[in-house]
Amino acid sequence: MTDNSVYVLLADGFEELEAIAPIDILRRMELNVVLVGVTSKQVRGSHGIELTADRTLNQLKNETPAAVMLPGGMPGTKNLDATRPVGELVRRVAADGGVVAAICAAPMVLGRLGLLDGKKATCYPGFEEHLHGAEKVADGVVVDGKFVTAAGAGVAADFGFAIGSLLKDPVTAAFVRRSMQFPDAL
């Protein structure tokens, strides 16, 4: 890995809570979270909230972060799926043994890339057919090795804590969870 960061890939139409809750949690865990706009630095979510990315996808060149996170939402997931450099980056992170995380509809991107073969995974109900090769699990958040998938906005915080547990450690994740007044159980 060439970069010890978490790259959050933001495409127009992303689900805001699925991006912002994990970003906040990971930053509280003192991880370097970099917002990456797929087409530009200004990215509009599916509910009209705009975020300003730190970088754009075309500025990354061949960098490989420690983790990549894909928020769901529509048409954000379709925009991620249709962007070839997104797939190239996700494959690179997976090949280097980094953490690959996707929530809501976004696990379909991982399925289409063939990255879920033999892995347990979850997604927003109705997108299961896109989890090619995965053992489909109906849990809110599923961790299988370095892959984290989640069902949707209602588990966005748990998704963030699961990613942080892999990148930092479970003790730090539990400490941040308690400091934010979340219940103890994940």
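Predicted model: local features only at pLDDT ≥ 70, side-chain atom pairs only at ≥ 80, totals over all residues.
Mentor: A strand here is a DSSP run of type E with at least two residues, numbered from the N terminus.

Trainee: Where does G45 lie?

Mentor: G45 is in the loop that joins strand 3 (42-44) to strand 4 (50-52).

Trainee: What makes G45 count as buried?

Mentor: The cut-off for buried is under 20% relative accessible area. G45 has 7% relative accessibility, so G45 counts as buried.

Trainee: Which residues does G45 touch, leaving out those up to four places away in sequence?

Mentor: G45 touches G13, F14 and E16. R178 is another matter: its C-alpha is 29 Å from that of G45, and the two are 133 residues apart in sequence.

Trainee: Which residues of helix 1 and helix 5 meet?

Mentor: Helix 1 brings L17, E18, A21, P22, I25 and L26. Helix 5 brings A156, A157, F159, G160, F161, I163 and G164. By class, this contact has ten nonpolar, two polar and one charged residues.

Trainee: What makes helix 5 and helix 6 roughly antiparallel?

Mentor: Helix 5 and helix 6 (residues 170-179) pack at an angle of about 150°, with axes 8 Å apart. Angles over 145 degrees count as roughly antiparallel. Helix 5 and helix 6 are therefore roughly antiparallel to each other. Helix 5 passes helix 6 in a right-handed crossing.

Trainee: Which residues make that contact between helix 5 and helix 6?

Mentor: D158, F161 and S165 of helix 5 meet P170, A173, V176 and R177 of helix 6. Four residues are nonpolar, one is polar and two are charged.

Trainee: Are C104 and C123 buried or exposed?

Mentor: C104 is buried, at 11% relative accessible area. C123 is buried too, at 5%. Both values fall under 20%.

Trainee: Why are E30 and K61 called exposed?

Mentor: Exposed means over 50% relative accessible area. E30 has 66%. K61 has 69%. Both pass the cut-off, so both are exposed.

Trainee: What is the phi of E30 and of K61?

Mentor: First, the background. Most residues other than glycine have a negative phi. E30 is not a glycine, yet its phi is positive, about 65°. K61 has a phi near 60°, also positive. E30 is in the loop between helix 1 and strand 2 (33-37), and K61 is in the loop between strand 5 (55-56) and strand 6.

Trainee: Is the peptide bond from M74 to P75 cis or trans?

Mentor: That bond from M74 to P75 is cis, with omega near 5°. Most peptide bonds are trans. P75 is in the loop between strand 6 (65-70) and helix 2 (76-81).

Note on methods
Residues numbered from 1 in each chain as written. Heavy atoms only, no water. Contact = heavy atoms within 4.5 Å. Helix = DSSP H or I, 4+ residues; strand = E, 2+ residues; numbered from the N terminus. Nonpolar A, V, L, I, M, F, W, Y, C, P; charged D, E, K, R; others polar. Buried < 20%, exposed > 50% of the residue type's maximum accessible area, 1.4 Å probe, protein only. Axes fitted to C-alpha atoms, helices over the stretch in contact; angles between N-to-C directions. Parallel < 35°, antiparallel > 145°, perpendicular 65-115°, else oblique. Left-handed = near helix turned anticlockwise from the far one by under 90°.
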